[in-house]
Amino acid sequence: MATLKEIRTRINSIRNTEKITRAMKMIASVKFRKAQQNVTSARPYARKIDEILRNLVPTLEGFDNQLLEVRETKKVLMVVISADRGLCGAFNTNLIKSAVNIINERYYDFLKSRDLLLFPVGKKAYDYFYKKDYDLYARSVNIFDRLSFSDADKIVNEIIQGYTGKLFDKVVIVYNEFKSVVQSRIVEEQFLPIPPFVNPDGSSNKVSDYIFEPSAREIVESLLPRHLKTQIWQALLESYASEQAARMTAMDAATTNANDLLVSLNLSYNRARQAKITTEILEIVGGAEALNE
Amino acid sequence: MTEGLIDLEIVTPGKVIFKGKVRSFTAPGSEGSFQILPRHAPFISTIIPGVVKLIPEEGNPRKFATAGGTVEVHSNKIIMLAEEIYPAEEININEAESEILEAEKILNSKEPGLDIAGIITKLKTAKAKLKAVNS
């Protein structure tokens, strides 16, 4: 049985750990609330751009833009959005595992012929894919602490540059879509070429009586990159909100575990103390008896 | 008097900057500044860096500095999409001036590989900020 002193040291160290996890949980919950707000407030912008494009693109007969054109897929770029930091449960592990699964299932041939490029966003994804010797196209790390729209801007500019330069013919993004505190879903979305703008029911809008300034073509051309940027921006925000939610849950579980451990340690501490006292009393009584005889 | 009003929404990726009814809306279009009054025909235009003015239903006219975007008018509703837009009340003149100086410095340095278009937009936006405050 452990000595009293050993148990006391363990109790103290676990108490400290508990303090840290509790603080991390609180910080995560504050950050999470903010992130959740950002997710909701980014939606109107994305929806409006989408709406305008939906109205416009179908009206342009014979409009071909490199970003819309479907090419023969020779090379694929996969953008994987993870977190910059750990201590958020299985968030990063799950994401990377899913990304690797998707690669093995759908892009195995590309991987074999080294035609699969990766664009990790977030330090954890970068570390993993760099170590495992995947072909990296670019990376974007340490952005989540101060996430701003210009981060999305940079990422998209880099992707568009590579895409128009024909370094790859298809771009997909893999990220955590935020559902609720306890639920996030890892999704794979096609990013480029831009999927056709049709309504969910398969129809497409036709609004032809707009006045355009300058031409409809130029407006669509200026909107397409911005549409892509808001898409990445949303993915970043959703991933960040999921990360904070995951951290909150993980740290909450850690705090509970620490408390459970403290209860059982306190019990064995008291038991050991009791045993010690009993032995001492026995010794004293035994000594007194011996003197009496 | 609902006839003399038009709905306006100014949206950025971060938040909705303005939402409400206005009497008029003026913006710097890529082919010249334009004004939109209630019951305007469906219209789409790109916006260049400059000053956006609007007259709300009640209260004083308001001014904003923008780095550009898109305006759509459709069924008596204006939607302005902008990546950056700053209400004149929130603009810091000193900051705007130092932004102008910095942008000019970068432009003059003529380093290779510069994102000239991006810097010119920045410069114009900073100038628009000053104009939004001073005019």
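Which domains does the domain assignment of chain B give? For chain B there are two entries, domain 1 (6-88) and domain 2 (91-134); such bounds come from an automatic or database domain assignment.

Before going on, some bookkeeping. This is a predicted model, in which local features need pLDDT of at least 70 and side-chain atom pairs count only at pLDDT 80 or more, while totals for chains, interfaces and linings use all residues. Residues are numbered from 1 along each chain as its sequence is written, and chains are lettered from A and ligands numbered from 1 in the order in which they are written.

On confidence, the model scores ipTM 0.78 and pTM 0.84. Chain B has an average pLDDT of 87, and 98% of its residues score at least 70; pLDDT is the predictor's confidence in each residue, from 0 to 100.

Back to the domains of chain B. Their C-alpha centres lie 23 Å apart. Where they meet, domain 1 of chain B puts in 12 residues and domain 2 of chain B puts in 9 residues. Two residues are in contact if their C-beta atoms, placed from the backbone, lie within 7 Å. On the domain 1 side, β5 (50-56) and β6 (62-66) of chain B each supply at least two residues. Helices (H or I, at least four residues) and strands (E, at least two) are DSSP runs, numbered from the N terminus. The largest share of that side, 4 residues, comes from β6(B).

Chain A is also divided, into domain 1 (4-25 + 250-292) and domain 2 (38-246). The C-alpha centres of these domains of chain A are separated by 53 Å.

Next, the two chains together. How many residues does the contact take from chain A and from chain B? It takes 19 residues from chain A and 20 residues from chain B. On the chain A side, α1 (4-56), β5 (211-213) and α6 (216-292) each supply at least two residues, and α1(A) gives the most, with 7 residues. By type, that side of chain A divides into 13 nonpolar, 3 polar and 3 charged. Here Ala, Val, Leu, Ile, Met, Phe, Trp, Tyr, Cys and Pro count as nonpolar, Asp, Glu, Lys and Arg as charged, and the others, Gly among them, as polar.

β5(A) pairs with β4 (residues 43-47) of chain B in the parallel sense, over 3 bridges; two strands pair if DSSP finds at least two bridges between them. In β4(B), B:F43 is the residue opposite A:I211.

Last, some local details. A cis peptide bond joins A:L192 and A:P193, with omega about -10 degrees. A:P193 sits in the loop between β4 (183-192) and β5 of chain A.

A:N142 has a phi near 55 degrees, a positive value in a residue other than glycine. Its place is the loop between α4 (123-131) and α5 (149-164) of chain A. Is A:N142 buried or exposed? A:N142 counts as exposed, because it has 11 C-beta neighbours inside 10 Å. A residue is buried if 20 or more other C-beta atoms lie within 10 Å of its own, exposed if 12 or fewer, and partly exposed in between, with C-beta atoms placed from the backbone.

In chain B, phi of B:R39 is near 65 degrees, again positive in a residue other than glycine. B:R39 lies in the loop between β3 (32-36) and β4 of chain B, and with 12 C-beta neighbours inside 10 Å it counts as exposed.
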